[in-house]
Amino acid sequence: PPTPAAGVAQKADWSPNEMIGSGQFWLLWIIYFFGAAAGLMIIGQAVPIGVEVAKLTPTTAAGGLGIMALLNGLGRLAHGSLSDKLGRQKTVMVMFVEYVVAFVLILPNSDTFLKWLVGICIVGFAYGGYLALMPSLTADYFGTKSLGTNYGYLFTAWGCAGLGGPYMIDYIKTTTGAFTNAMYAITVACVAGLVLCFFS
């Protein structure tokens, strides 16, 4: 494997207890949480967003989910390949930028089926990358000896995002009356995640 870059925490194989006691772990945890929450938020509400924002029928909106799922899978392959060339941290930053494009430029203005579909597919594509890269980032920083357990600890960020992302979009939609407000809120989290990548 390549020599770790300056500032990277990897010195040897870290035990789970050593890992969770490091600031690097919690930095990755927050980045993973933001990235997963953004994707799960849209995956869980793609059909209602299509109905409300793009004025689609529920059947038409449901049909677009299959294409989103395909892009989710392709995102894992594409971002994994990109990380081999660009580096993992930079690739995670690219994924946050993809989210911001979808949440700011496309989904809030998705007044047609095509715009809505492109928006949710970008989200699915970016989200797939987190599931591809985070195990590798865990190995990069903390070694491979305890990788199964160590990634299990990091994967709790995904579990929390599975609760937090859908809850957040539902809460904001209920209190403000619009899905677009939730998109702008998660954009702030994505920008924060992008900034945190500079320190990872």
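Tutor: Let us begin with a definition: a patch is made of residues with over 30% relative accessible area and no salt bridge, where like charges are joined within 9 Å and nonpolar side chains (Val, Leu, Ile, Met, Phe, Trp, Tyr) within 5 Å. A salt bridge is a side-chain nitrogen of Lys or Arg within 4 Å of a carboxyl oxygen of Asp or Glu. Accessible areas come from the Shrake-Rupley method with a 1.4 Å probe, and for residues only the protein chains shown count as cover. This is a predicted model, in which local features need pLDDT of at least 70 and side-chain atom pairs count only at pLDDT 80 or more, while totals for chains, interfaces and linings use all residues. Residues are numbered from 1 along each chain as its sequence is written, and side-chain values use heavy atoms, with hydrogens and water left out.

Student: Okay, which residues form the nonpolar patch on the surface?

Tutor: The patch is formed by Val97, Val101, Val104, Leu105 and Tyr184, which together have about 400 Å² of accessible area. Its largest share, 4 residues, comes from H4, where helices (H or I, at least four residues) and strands (E, at least two) are DSSP runs numbered from the N terminus.

Student: Is Leu105 buried or exposed?

Tutor: Leu105, which lies in helix H4, is exposed, with a relative accessible area of 57%. The cut-offs are under 20% relative accessible area for buried and over 50% for exposed, with partly exposed in between (1.4 Å probe, protein chains only).

Student: Switching to charges, how many salt bridges does the count come to?

Tutor: The count comes to 3 salt bridges. In one of them, the side chains of Lys173 and Glu52 meet at 3.3 Å, N to O. Lys173 lies in helix H7 (residues 156-176) and Glu52 in helix H2 (residues 23-52), so this pair ties together parts that are 121 residues apart in sequence. Lys173 is partly exposed at 23% relative accessible area, and Glu52 is also partly exposed, at 27%.

Student: And what about Asp140, which residue does its side chain meet in a salt bridge?

Tutor: Asp140 meets Arg88, with 2.4 Å from N to O. This pair also links distant parts of the chain, since Asp140 is in helix H5 (residues 113-142) and Arg88 in helix H4 (residues 88-106), 52 residues apart. A further salt bridge joins Lys115 to Asp111, whose closest N and O atoms are 3.1 Å apart, and Lys115 is partly exposed at 38% relative accessibility.

Student: How many disulfides does a search of the whole structure find?

Tutor: The search finds 0 disulfides, a disulfide being a pair of cysteine sulfur atoms within 2.5 Å.

Student: New topic: where in H2 does the kink lie?

Tutor: The kink, of about 65°, lies at Gln45, shortly before the proline Pro48. The bend at a residue is the angle between axes fitted to the seven residues ending there and the seven starting there. The 30 residues of H2 should span 44 Å at 1.5 Å a residue, and the end C-alpha atoms are 41 Å apart, which agrees; the expected span is 1.5 Å times one less than the number of residues.

Student: What is there in H3, then?

Tutor: H3 has a kink of about 25°, centred on Leu74. Its buried residues are Ala61, Gly64, Met68, Asn72, Gly75, His79, Gly80 and Ser83. An α-helix has 3.6 residues a turn, so residues three or four places apart point the same way.

Student: Last one: where is the place of Lys55?

Tutor: Lys55 is in the loop between H2 and helix H3 (58-86), and at 66% relative accessibility Lys55 is exposed. Its phi is near 60°, a positive value in a residue other than glycine. Most residues other than glycine have a negative phi.
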